[in-house]
Amino acid sequence: MPFEGFHTQDFDVFKVPGLEPRMEALIANVRPKLAMLGDEIAPFLSALCGEEMFPHVAKHARRTINPPNDTWVAWAASKRGYKALPHFQVGMFESHLFIIFAVIYESPNKVTFAKHLEKNRSKVIKSVPKEFYWSMDHMDPGFTPHADMSTKDFSQIAEKLEKVKKSEVLCGLRIPRGESVLANGPELISVIQSTFEKLLPLYKMAF
């Protein structure tokens with residue numbers, strides 16, 4: 001069965017009240033699509049990165065009270081997990097789908113990324129597409145468009161990544177729910193692949 005994309009009912013799972021009912025809706029509606037997407041994209045990312053990349057679908061296993069506000073599939077160069085490594089993600093909040101590169105707080109690579117970001121600020125400003133966005137909190141749907149980022153902003157990201165233990169950085173593309181591309185599986189896969197190609201230089205900066 002080919003990947004068919006995401007539809008309104010997939011985003012609406014985040015309206016379901018309560019942890020158990022929302023998890024049931026996620027497991028039934030969204031998780032199978034994320035797993036399918038994970039397997040579909042893994043060979044492409046492996047070829048792109050020059051090493052085997054393994055998909056990891058969010059399980060939200062640590063949650064005991066609050067229902068998740070987002071969910072995702074991540075790809076990293078380890079079969080055991082992704083959080084300690086620079087990685088790629090496709091996921092969704094109720095409002096949008098995100099396609100990103102991320103180094104989150106568990107990863108020691110954030111210091112390496114910070115040093116390379118500070119050194120290559122001008123290059124990053126020119127090379128990252130203007131429609132991409134930046135965030136320093138993977139749990140917050142808020143963001144700053146790349147077009148609004150200054151050299152000072154990148155210096156502040158780099159400084160925070162080096163000095164603040166819980167710091168993290170994300171960059172990529174947001175697609176608002178309701179956009180026709182989301183419900184077109186082959187077209188969405190093409191957008192994801194194109195986005196990851198554009199994010200590859202940032203991924204390489206984390207090593």
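Predicted model: local features only at pLDDT ≥ 70, side-chain atom pairs only at ≥ 80, totals over all residues.
Visitor: Where does Lys-33 sit, then?
Guide: Lys-33 belongs to helix H2, which covers residues 19-49.

Visitor: Is Lys-33 buried or exposed?
Guide: Lys-33 is buried, because its relative accessible area is 12% and the cut-off for buried is under 20%.

Visitor: And what does Lys-33 touch, leaving out residues up to four places away in sequence?
Guide: Lys-33 contacts Phe-3, Glu-4, Gly-5, Phe-6, His-7 and Asp-10.

Visitor: Switching to pockets. What volume does the largest pocket have?
Guide: The volume of the largest pocket is about 610 Å³.

Visitor: How many residues line the largest pocket, and which lie nearest its centre?
Guide: The lining has 19 residues, with His-60, Arg-62, Trp-72, Lys-83 and His-138 nearest the centre. By class, the lining of the largest pocket splits into eight nonpolar, five polar and six charged residues.

Visitor: What about the second largest pocket, what is its volume?
Guide: The second largest pocket comes to about 170 Å³. Its lining includes His-116, Asn-120, Lys-123, Lys-198 and Met-205.

Visitor: Which helices each supply at least two residues of that lining?
Guide: Helix H4 (121-127) and helix H6 (185-205) do.

Visitor: Which gives the most to the lining of the second largest pocket?
Guide: H6 gives the most, supplying four residues.

Visitor: How does that lining divide by class?
Guide: The second largest pocket is lined by five nonpolar, three polar and two charged residues.

How values were computed. Residues numbered from 1 in each chain as written. Heavy atoms only, no water. 1 Å grid on protein atoms, 1.4 Å probe; cavity = no way out; pocket = protein on both sides within 12 Å on 5 of 7 lines; lining within 4 Å. Points joined across faces, edges and corners; volume = space filled by probe spheres on them. Nonpolar A, V, L, I, M, F, W, Y, C, P; charged D, E, K, R; others polar. Buried < 20%, exposed > 50% of the residue type's maximum accessible area, 1.4 Å probe, protein only. Contact = heavy atoms within 4.5 Å.
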